[in-house]
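Trainee: I've got a model open on my screen and would like to learn how to read it. Can we start with the links between side chains?

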Amino acid sequence: VQLQASGGGLVQAGGSLRLSCVASGSIFSINVLGWYRQVPGQQRELVARITSIGRTNYADSVKGRFTISRDSAKNTVYLQMNSLKPEDTAVYYCNADIIITGVGPYEYWGQGTQVTVSS
C-alpha cells in the first residue's frame, strides 16, 4: 500500500491550495484519513481527519479555513486550504488507517508535500 500526496507549493498569504492524497495497493477498505503537518524542530501535528462515514475534526488553528473531504471510490483524500497564513508553512503528510484484504487496520503515511506561505 502506498499513499501519494500532491498539491503543495508556494502561495502568498490569503491564497489557497488544494492537497490530494491517493492510496493504492491491496486495499480492502479505508477507515480514517487525515492530514498532518510538521515544521522542522517541532512535532508532527494533526491538521484534519475524516472518518469513513464523513465525520470530521480539525485543529483549532485551521477551523473555518481548511476543509477535508474524501472520495471513497477513488481512495483519495483532499485538503482545501483557504486564507492561508505564513504559520501554515510546513510539510504536510497524509495518513490513513487501511484494512488490507480483511487484515488490519494498519497505519500508513504519505511522503509529504511542502506548503510555503509567504507574507
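Mentor: A disulfide is a pair of cysteine sulfur atoms within 2.5 Å. Here cysteine 21 and cysteine 94 form one, with 2.0 Å between their sulfur atoms, and the link is right-handed, at 50 degrees about the S-S bond. Before we go on: this is a predicted model, where local features need pLDDT of at least 70, side-chain atom pairs count only at pLDDT 80 or more, and totals for chains, interfaces and linings use all residues. Residues are numbered from 1 along each chain as its sequence is written, and side-chain values use heavy atoms, leaving out hydrogens and water.

Trainee: Where in the chain do cysteine 21 and cysteine 94 sit?

Mentor: Strands are DSSP runs (E, at least two residues), numbered from the N terminus. Cysteine 21 is in strand β3 (residues 17-24) and cysteine 94 in strand β9 (residues 90-100), 73 residues apart.

Trainee: And how many salt bridges are there?

Mentor: Side chains of opposite charge can pair when their charged atoms come close. The rule for a salt bridge is a side-chain nitrogen of Lys or Arg within 4 Å of a carboxyl oxygen of Asp or Glu. That gives four. Aspartate 88 pairs with arginine 37 at 3.0 Å, N to O, and with arginine 65 at 2.7 Å. Arg37, Glu45, Arg65 and Asp88 are linked in a network.

Trainee: Is aspartate 88 buried or exposed?

Mentor: Buried means under 20% relative accessible area, exposed over 50%, partly exposed in between (1.4 Å probe, protein chains only). Aspartate 88 has 0%, so it's buried. Serine 52, at 47%, counts as partly exposed.

Terms used: Helices (H or I, at least four residues) and strands (E, at least two) are DSSP runs, numbered from the N terminus.
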